[in-house]
Amino acid sequence: MDEVEVRVTWRERMLLPPGARLEVTIEDVARADAPSEVLARIVVDDPPPPPVRVRLPLAGIDLAPARRPVVRARVTVDGRLRFTTDRHYPLPAAPGSMPLEIVLVGVGGRAPSVDGQRPTPDASLTNTYWRLLSIDDRAVAVEAGSREPHLVIADVDGRLGWRGTVGCNRLFGTVEIDGHAIRFPPTGAATLMACPPGLAELERGLAEALDAATRWQISGNRLALIDAGGRTRLVAEAVHLR
């Protein structure tokens, strides 16, 4: 098959305002120790009411057995994340047989049940690969040729630290957690590259969001870092690759 048909819907079957954008990707998540690789992408500006049907090209994509292709999607409005997938949808073995049904959930909401199954249990804050979705309500995109923006909070022998990137420098630091309270002391950097303007701005935004965060909240596969005023500064999704 040279394409796969995907049917995208979201729980609130609302009309989206002008400026909305639907992005659907095929990504290889075969390596647990590396960010996913985008194999194909299609963007629909001002999408119609759901369900929205799109066709992703497969021609020229390496689908060797060692790969693990999955489909993801999200909706942004004026660059702000509104809906997203919160789990992997495996690429069908026979892509041309029927549309792949994808359900998006609103940012900040719990995943719905799928095929009668219970909602996804809450992911663990620590030792989880968190794929960055938005910083200060601005959607985070994967830049071509750059690493996937992500954050990992690691608990190694009782010592807490974090590492991450927006696609340019590798950042790291310490973290203090007390129940649902959280504090990130000043950010460090493992590399000191000069980032393109867009990534440099995003990197500053990540540092500011972490600096402002005072508590964390997880619902299903979604993490929110919230500041003292109750504003959500960062949203990320847990990526389970095994």
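1. Let's begin with the salt bridges. Searching the whole structure, which is a predicted model, turns up 16 salt bridges.

2. Take Glu 3 and Arg 55 to start. Their side chains meet in a salt bridge, 2.8 Å from N to O. Glu 3 sits in strand 1 and Arg 55 in strand 4, so this pair ties together parts of the chain that are 52 residues apart in sequence.

3. Arg 55 has another partner to look at: Glu 5 forms a salt bridge with Arg 55, and here the closest N and O atoms are 3.5 Å apart. Glu 5 is in strand 1 and Arg 55 is in strand 4, so once again parts of the chain get tied together, this time 50 residues apart in sequence. Glu 5 counts as buried, because its relative accessibility is 16% and the cut-off for buried is under 20%.

4. Now for Glu 23 and Arg 74. Their side chains meet in a salt bridge at 3.4 Å, N to O. This pair links distant parts of the chain, with Glu 23 in strand 2 and Arg 74 in strand 5, 51 residues apart. Are these two buried or exposed? Glu 23 is buried, with a relative accessible area of 16%, and Arg 74 is buried as well, at 9%.

5. Some salt bridges also share partners. Through them, Glu 27, Arg 72, Arg 131, Glu 148 and Glu 237 are joined into one network.

6. In soluble globular proteins, nonpolar side chains tend to be buried together. Here, the largest nonpolar core has 27 residues, and the members touching the most others are Val 6, Leu 22, Val 24, Ile 26 and Val 71. Which strands supply at least two residues each of this core? Strand 1 (3-10), strand 2 (20-28), strand 3 (37-45), strand 4 (52-57), strand 5 (69-77) and strand 8 (100-106) each do.

7. Last, the disulfide. The count comes to one, formed by Cys 168 and Cys 195, with their sulfur atoms 2.0 Å apart. The link is left-handed, with -100° about the S-S bond. Where do the two cysteines lie? Cys 168 is in the loop between strand 12 (159-165) and strand 13 (171-174), while Cys 195 is in the loop between strand 16 (188-189) and helix 1 (197-212). The pair links distant parts of the chain, 27 residues apart. Cys 168 counts as buried at 9% relative accessibility, and Cys 195 counts as buried at 18%.

Terms used
Residues are numbered from 1 along each chain as its sequence is written. This is a predicted model: local features need pLDDT of at least 70, side-chain atom pairs count only at pLDDT 80 or more; totals for chains, interfaces and linings use all residues. Side-chain values use heavy atoms; hydrogens and water are left out. A nonpolar core is a set of buried Ala, Val, Leu, Ile, Met, Phe, Trp, Tyr and Cys residues joined through side-chain atoms within 4.5 Å. Buried means under 20% relative accessible area, exposed over 50%, partly exposed in between (1.4 Å probe, protein chains only). Helices (H or I, at least four residues) and strands (E, at least two) are DSSP runs, numbered from the N terminus. A disulfide is a pair of cysteine sulfur atoms within 2.5 Å. A salt bridge is a side-chain nitrogen of Lys or Arg within 4 Å of a carboxyl oxygen of Asp or Glu.
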